[in-house]
Amino acid sequence: MEHKLIPVACPNINERDGELAREAALGAWGPDHYRFNATFEEMLARYVSVEHAVSLPHATSGLHLALVAAGIGPGDEVIAPDVTWIASVAPIVQVGATPVFVDILQDTWCIDPRGVAAAIGPRTRAIIGVDLYGSVCDWPQLRAIADKHGLLLIEDAAEALGSAVGNKRAGAFGDVSVFSFHGSKTVSTGEGGALLTSDPTLHSRVMRLRDHGRSPGDSSFLNDEIAFKYKMSAVTAAVGIAQMERVDHLVSNKRAIFALYKDHLAELDGLTLNAEPVGTTNSFWMSTAVFDPALGIDKFMLKSEFFARGIETRPFFSPLSTLGAFSKPDACRLVLPSRPVGEAISRSGINLPSGAGIGEEEVERVALALRSVLGSA
């Protein structure tokens, strides 16, 4: 019997999303052109409990704007985790600064504060922490380090909408934070992102930078500087509104998917799933399995074997320091131990199908396939 392919990610889209998108396409013009964006921004700011949210084309543009707004550029260094998606770090290079890669923690897979402290030098201007796969960084420690050295703290919460430490949600920990609403994300608008901050000076600067260097509302085309065009469309924002109306359900569904994996894979030795330390809430954007290095499991082999069984997966992000993009001299600075935690985790880690619509039947298929792959490895 041939099974339908289980996708690794897919959004939860319903009639309400389509209805609001149609309403925006037909009516978000003239004086009403920003109505949907403003509502979406208000919903995001209220959910995260920050003062300002700015809707953008993607989270990458938010990181770019944050760095430029802070005046970070050539000659500066920004500390970031070595293991993350390249979008977390590419804007550092795009503004002419140098990324400084440090290791990640064994349990949460987020940036190691000890590595951050060791990496600080005279040129350091900012720290970017990434809430990887829904885990949250050790923000109290990162905040203390940033405050001690007068550094900008940036929270890349692209993958962590709905995660929290205590009652404080992801996106509220940095001086500035970003979210992604890519088609794979828990709250999805197809493409899209947002920058959040409670700093009025940063917010004011971002609002000017994202619209070609002019004041918000300017209709005289009197630009003060060369800047960017980073605005979300009304149709995209309308889908975001419909998604945020049911954000609690979307996050709960992700957590339910992870609970199924945890139950069905509980008896497998040498396998570690996403962590949820005491006092934190993990939104489990991607249910992820990491194998004991002693098993000799290769993530690309796993990906191929799963696909042969009708299951789509994604390999754990590779260390950025190993990519061709950072192979040129002076492309980055490394502050890594001789045997990085991130290297071992990345080698055998894989994202399991975690999209909307994944239920017990699909999780059982994945679990069976995993046992089959491990048995033949």
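Ala, Val, Leu, Ile, Met, Phe, Trp, Tyr, Cys and Pro count as nonpolar, Asp, Glu, Lys and Arg as charged, and the others, Gly among them, as polar. The exercises below use this division on a predicted model.

**Exercise 1. The largest pocket**

State the volume of the largest pocket, and find which elements and which classes of residue make up its lining.

Solution. 
1. The volume of the largest pocket is about 370 Å³.
2. Its lining consists of 21 residues, and those nearest the centre are Thr60, Trp85, Ala87, Ser180 and Lys185.
3. Two or more lining residues come from each of α3 (59-69) and β8 (176-180). The most come from α3, which gives three.
4. Sorted by class, the lining of the largest pocket holds nine nonpolar, seven polar and five charged residues.

**Exercise 2. The cavities**

Solution. 
1. A probe the size of a water molecule, rolled over the atoms, shows where empty space remains.
2. Lining it are 13 residues, with Cys10, Asn12, Thr186, Lys254 and Ala356 closest to the centre.
3. The classes in the lining of the largest cavity are five nonpolar, six polar and two charged residues.
4. Six nonpolar, two polar and two charged residues make up the lining of the second largest cavity.

**Exercise 3. The packing of α3 on α7**

Give the distance, angle and handedness of the crossing between α3 and α7, and sort the contact residues by class.

Solution. 
1. The packing of two helices is described by the distance and the angle between their axes.
2. The axes of α3 and α7 (residues 200-209) come within 9 Å, and the crossing angle is roughly 115 degrees.
3. This crossing of α3 and α7 is right-handed.
4. On the α3 side the contact uses Leu65, Val68 and Ala69, and on the α7 side Leu202, Arg205, Val206 and Leu209.
5. By class, the contact of α3 with α7 has six nonpolar residues, no polar ones and one charged.

Methods:
Residues numbered from 1 in each chain as written. Predicted model: local features only at pLDDT ≥ 70, side-chain atom pairs only at ≥ 80, totals over all residues. Heavy atoms only, no water. 1 Å grid on protein atoms, 1.4 Å probe; cavity = no way out; pocket = protein on both sides within 12 Å on 5 of 7 lines; lining within 4 Å. Points joined across faces, edges and corners; volume = space filled by probe spheres on them. Helix = DSSP H or I, 4+ residues; strand = E, 2+ residues; numbered from the N terminus. Axes fitted to C-alpha atoms, helices over the stretch in contact; angles between N-to-C directions. Left-handed = near helix turned anticlockwise from the far one by under 90°. Contact = heavy atoms within 4.5 Å.
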